[in-house]
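Open your viewer and keep the selection tool ready. This tour goes stop by stop.

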Amino acid sequence: MKKLSLFPAILLCLFISANLNAQNVKLTLDLSKGGANVSPKLYGLMTEEINHSYDGGLYAELIRNRIFKDNPETPEGWSLIQDEGGKGSIQLIGANPANVPNDQRRNAINASLTTCLRLTVEKADGRVGIANEGFWGIPVKPNTTYKASFYIKGTGSAAPARNNTGAAAPVIADNTPGPITVSIESNDGKTIYASGTINLEKSIYWKKYELKLTTAADVKPTAAAHFVISTNRSGLYYFNLVSLFPPTYHNRANGNRIDIMKLMADMKPTFLRFPGGNFLEGPYLADQFPWKTTLGPLEERPGHAGSWSYRASDGMGLLEFLEWCEDLKMEPLLAVYAGYALNGDHVDAGPLLKPYVDDALNEIEYVTGPATTYWGAKRVKDGHPAPFKLSYVEIGNEDGFDRSGSYDGRFAQFYDGIKAKYPQLHCIATIGGKDPLGLRGQLTIRKPEVVDEHYYRNAWEMEEDATHYDNYVRKGYKVFVGEWATREGAPTTNMNAALGDAAWMTGMERNSDLVIRSCYAPLFVNVSPKTDKTPRAWQWDSDLIGYNAISSFGSPSYYAQSMFGTYIGNKVVKVNGENLPTQTRPATKRDSASGVMPKPIPALFYVATRDTKSGKLYLKVVNTSGNALPITINMNGASKVSPGATLVVLKGNGPKDTNTIDNPENIVPVTSKITGISKTFTRTFDPYSISIIQMQTQ
């Protein structure tokens with residue numbers, strides 16, 4: 001995704017007038033005819049590393065900058081602990097692997113772990129150590145066991161040398177062997193929440209140490225804490241790959257946060273599009289998602305430059321994405337890098353592009369190949385013997401930004417390569433659709449099976465275009481709405497955004513014979529504000545799921561998504577609306593200058609689907625106005641309708657109402673049992689509401 005210009009927020013949702021004088025609003029459902037099939041994979045998830053989605057988000061690692069490569073100038077996230085009577089200093093060692101000073105050499109662990117942190121303890125009459133602040137804090141919870149690990153070695157200082165001032169450097173005795181204290185403690189050091197020790201052996205070689213830290217049952221949850229490794233002995237201590245994990249979802253090693261995974265599970269997603277997004281491409285050609293170096297032990301993962309102003313640890317690697325799918329029973333939708341970078345560079349189709357096509361084929365083999373294949377065997381070695389199911393592969397991302405027009409040839413070369421080896425896979429193109437990016441180019445060499453369309457709009461624009469897919473030609477490509485969102489509210493969406501989202505979803509669901517998959521973006525946002533040491537955590541407003549170090553919450557749009565994904569049938573039911581209310585936004589200066597005044601658009605949106613096996617009928621109604629709306633509902637063609645039904649309602653007192661980290665359940669769906677359902681009945685729908693009625697029919 002890239003930021004596109006939007007109208008000023010004040011014009012998006014305020015002072016919208018509605019014509020609600022229309023009498024006897026009617027919705028007539030035609031159950032006598034079989035409708036179009038509903039795509040079984042209509043609602044899924046899209047993810048990329050933005051807003052600290054993985055590092056500082058879903059990926060459960062608590063240590064920021066664990067291999068000290070985030071900033072070659074300073075050990076970001078780390079600080080010196082120096083109690084009274086102690087004296088020490090910290091320094092990055094080998095920060096620039098291409099130019100390591102002589103006195104810093106011979107400290108790399110391997111080709112991935114080339115930079116380390118040195119703690120120099122000159123005086124140890126008091127505690128000296130290093131502290132990590134985590135991602136806007138280390139989360140402390142009661143009765144919780146954390147798994148800590150790190151590489152460490154200890155030495156004394158080398159023979160006396162001269163520093164830049166010509167003064168002799170102090171000689172420090174090697175007193176490093178012995179107990180090293182590891183703790184989680186309050187930022188002021190006054191409260192120790194959990195503590196343990198390892199016994200550092202006398203050796204010039206690196207060694208990995210592991211231990212568990214457990215908090216007491218009466219600990220009050222807090223994120224005002226940091227992780228500390230300390231000593232009371234002089235010497236030079238070297239650290240690398242420092243890690244701290246809380247309990248993870250399904251107890252997976254190198255796993256994910258439990259609370260965020262549960263939020264996603266409640267959405268009942270059917271697929272996951274990964275790894276991006278811009279995270280797939282990277283700022284430059286060398287910054288593409290490096291799937292091969294995201295495999296295997298953490299010791300073999302150097303990380304890489306991210307696309308949103310911070311470095312990616314790649315703890316969330318290719319296998320972790322696939323296991324994420326497995327844990328939530330989603331099908332992977334793999335995006336493969338197609339030779340375009342965010343700075344506008346591209347690789348021409350032909351011989352220069354062939355290595356990239358081959359790399360994509362190898363990646364697909366890792367995902368789907370049996371143990372007899374090279375990359376399938378690598379997956380088995382990594383701990384997952386069974387291949388993963390894969391049906392769709394997206395070739396690139398947002399290649400409408402490529403002004404060279406090279407994507408036509410690049411897509412064709414990838415398409416041919418993938419189809420030759422994996423004819424069963426469906427290839428998704430990133431241009432050729434009717435979205436603003438897709439319209440920037442056309443595919444002439446190969447006809448796409450599926451086209452990815454992206455839409456980022458305000459609520460008014462979403463509602464105005466809710467019938468977008470009603471008149472698409474059905475004889476061509478299928479549509480994957482791979483990124484879309486109503487961008488109102490920050491850092492997570494508000495109720496008006498949820499209404500815009502729901503209106504848009506009624507159109508996708510009504511046309512899900514054409515729109516076979518869709519996923520909102522961005523999925524995640526760390527909502528932590530700016531501190532004295534760190535910038536605010538997010539780069540993109542209006543996100544679905546918010547969190548900080550210790551808790552998480554769903555936005556109103558999240559709950560709208562969950563409702564639509566939970567209550568859905570396998571056949572679309574035709575619905576005819578009569579006397580529908582309308583709304584008109586106020587004129588802007590641009591409208592006045594052009595002499596074109598805003599036109600009324602609907603204030604009511606709806607869609608119905610039916611489960612032909614169970615007979616359950618789902619009617620979704622979105623009332624975007626500020627008035628309660630009575631609607632007469634007719635069900636033609638139903639032989640029998642049960643008088644009882646389930647009603648699920650998401651509503652706000654106003655369009656700007658929202659959920660926050662401090663008030664996470666201000667707007668949540670309310671489920672109730674209702675009666676009085678018949679072939680014809682009247683129901684009043686609340687203002688600013690998304691409602692679903694689940695009925696039983698025959």
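Is Asp470 buried, partly exposed or exposed? Select Asp470: at 30% relative accessibility, it counts as partly exposed. (Buried means under 20% relative accessible area, exposed over 50%, partly exposed in between, with a 1.4 Å probe and protein chains only.)

Before moving on, note that this is a predicted model, where local features need pLDDT of at least 70, side-chain atom pairs count only at pLDDT 80 or more, and totals for chains, interfaces and linings use all residues. Residues are numbered from 1 along each chain as its sequence is written, and side-chain values use heavy atoms, leaving out hydrogens and water.

**Salt bridges**

(A salt bridge is a side-chain nitrogen of Lys or Arg within 4 Å of a carboxyl oxygen of Asp or Glu.) Asp470 lies in the loop between helix H8 (459–464) and strand S19 (478–486), and Arg510 in helix H9 (residues 495–510), so the pair ties together parts 40 residues apart in sequence. (Helices, H or I with at least four residues, and strands, E with at least two, are DSSP runs numbered from the N terminus.) Arg510 is partly exposed, at 26% relative accessible area.

Next, select Arg252 and Glu326. They form a salt bridge at 2.9 Å, N to O. Arg252 sits in the loop between strand S13 (235–245) and helix H2 (258–265), Glu326 in helix H4 (residues 318–327), 74 residues apart.

By this rule the count comes to 33 salt bridges.

**A buried lysine**

Go to Lys69, in the loop between strand S3 (43–46) and strand S4 (78–82). Lys69 is buried but has no salt bridge. The nearest side chain of opposite charge, Asp70, is 9.6 Å away. (Lys and Arg count as positive, Asp and Glu as negative; His and the chain ends are not counted.) Now show Ser112: the Lys69 side chain reaches its backbone oxygen at 2.6 Å.

**Rings**

(Rings of Phe, Tyr and Trp, its six-membered ring, pair if their centres lie within 6.5 Å; planes under 30 degrees apart count as stacked, over 60 as edge-to-face and the rest as tilted.) Tyr456 and Trp540 make an edge-to-face pair, 5.3 Å centre to centre with 65° between the planes. Both Tyr456 and Trp540 are buried.

Conventions
Polar contact = N/O pair within 3.5 Å; in protein donor to acceptor, adjacent residues only side chain to side chain.
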